[in-house]
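Subject: Structure handover

Hello,

Here is the structure I promised to pass on to you. Please open it alongside this message, and my notes follow below.

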Amino acid sequence: MVKFKEDWYKLYHVHYQQYPDDCIENIYWLEKAAQADYCNPLFIGFTVENEKQWEKYRYLFQMHINLKLIEQHLRLGRTYDKKCIYFYDSPWKDEYLRNMEKALVCYKAGLYYWTESLLWFEKADSPSFNFLFITARQDWEDERERIKNGELDYKKMLEREITRLEKNIEELKAMDGTY
């Protein structure tokens, strides 16, 4: 029975060849994980030694889920994104515009999750956790550290993609339909 955050997260998986349906499925699992309750600390896969460690685990987990949601929205958006506009694209202008609007929605949704992940990052990076590291979830700790150092900045990436996409949409709208 899938009931807790950790259970929903186990359903998330990345395929070698990821199609839009796979991304949408993963977004669904991750959304469910973000909304669900945490399971008992006995069942998370490593030993929790104290309440402080349990608290940091919860903050890191929520931050990680939001980062994975950003990645899935980026992947989904890229399937609909037309990177470059050429003069001979005008006969398919309407179809490209519909797809690019979908990509724009995906990228903008990613900005929402970036804001959410920053909120959880701030909680996980509070001074009270300075010397507490959850080595069993080292990848989550690494994500936290990369955000802290500025190495991981999805906002910058998403805004760049949104700006480029909006420019391409305007360029495509300006086409007259002939080539």
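A word on terms before the details: contact, or touching, means heavy atoms within 4.5 Å. With that in mind, Arg144 is in contact with Lys56, Leu60, Met63, Phe121, Ala124, Asp125 and Phe133, leaving aside its neighbours within four places in sequence.

Please keep in mind that this is a predicted model, in which local features need pLDDT of at least 70 and side-chain atom pairs count only at pLDDT 80 or more, while totals for chains, interfaces and linings use all residues. Residues are numbered from 1 along each chain as its sequence is written, and side-chain values use heavy atoms, with hydrogens and water left out.

The overall picture

The chain has six helices and zero strands; helices (H or I, at least four residues) and strands (E, at least two) are DSSP runs, numbered from the N terminus. Read from the N terminus on, the order is α-α-α-α-α-α. The C-alpha trace spans about 70 × 40 × 25 Å along its principal axes. Of the 179 residues, 44% count as buried, where buried means under 20% relative accessible area, exposed over 50%, and partly exposed in between (1.4 Å probe, protein chains only). Among contacts between residues at least 6 apart in sequence, 80% join residues at least 24 apart.

The core

A nonpolar core here is a set of buried Ala, Val, Leu, Ile, Met, Phe, Trp, Tyr and Cys residues joined through side-chain atoms within 4.5 Å. The largest one has 47 residues, and those touching the most other members are Tyr57, Leu67, Ile70, Tyr107, Ile147, Tyr154 and Leu165. Two or more residues come from each of α2 (20–35), α3 (51–80), α4 (93–124), α5 (138–149) and α6 (154–173). The largest share, twelve residues, belongs to α3. Take Ile70 as an example: not counting residues up to four places away in sequence, Ile70 touches Gly110, Tyr113, Trp114, Ser117, Tyr154 and Leu158.

How the helices pack

Two packed helices are described by the angle between their axes and the distance between the axes. The axes are lines fitted to C-alpha atoms, for helices over the stretch in contact, and angles run from 0 to 180 degrees between N-to-C directions.

For α2 and α3 the angle is about 160 degrees, and the axes are 9 Å apart. That makes α2 roughly antiparallel to α3 (angles under 35 degrees count as roughly parallel, over 145 as roughly antiparallel, 65 to 115 as roughly perpendicular and the rest as oblique). α2 passes α3 in a left-handed crossing; a crossing is left-handed if the near helix is turned anticlockwise from the far one by less than a right angle, and right-handed if clockwise. Among the residues making this contact are Ile24, Ile27 and Leu30 of α2, and Ile65, Leu69 and Leu76 of α3. The contact residues divide into eleven nonpolar, five polar and four charged. In this count, Ala, Val, Leu, Ile, Met, Phe, Trp, Tyr, Cys and Pro are nonpolar, Asp, Glu, Lys and Arg are charged, and the others, Gly among them, are polar.

α4 and α6 also pack at an angle of about 160 degrees, with their axes 10 Å apart, and are therefore roughly antiparallel to each other. Their crossing is left-handed. Here the contact residues comprise 14 nonpolar, two polar and nine charged.

Some individual residues

Arg144, with which I began, is in helix α5 and counts as buried at 4% relative accessibility. Asp142 also has its place in α5, but at 38% Asp142 counts as partly exposed. In α3 you will find His64, buried at 2% relative accessibility. Not counting residues up to four places away in sequence, His64 touches Tyr9, Asp139, Trp140 and Glu143.

Apart from its neighbours within four places in sequence, Leu11 is in contact with Val2, Asn26 and Trp29.

Ala36 lies in the loop between α2 and α3 and, at 15% relative accessibility, counts as buried. Ala36 and Phe4 are 32 residues apart in sequence and 5.5 Å apart in space, C-alpha to C-alpha. Beyond neighbours within four places in sequence, Ala36 is in contact with Lys3, Phe4, Lys5 and Trp8.

Best wishes
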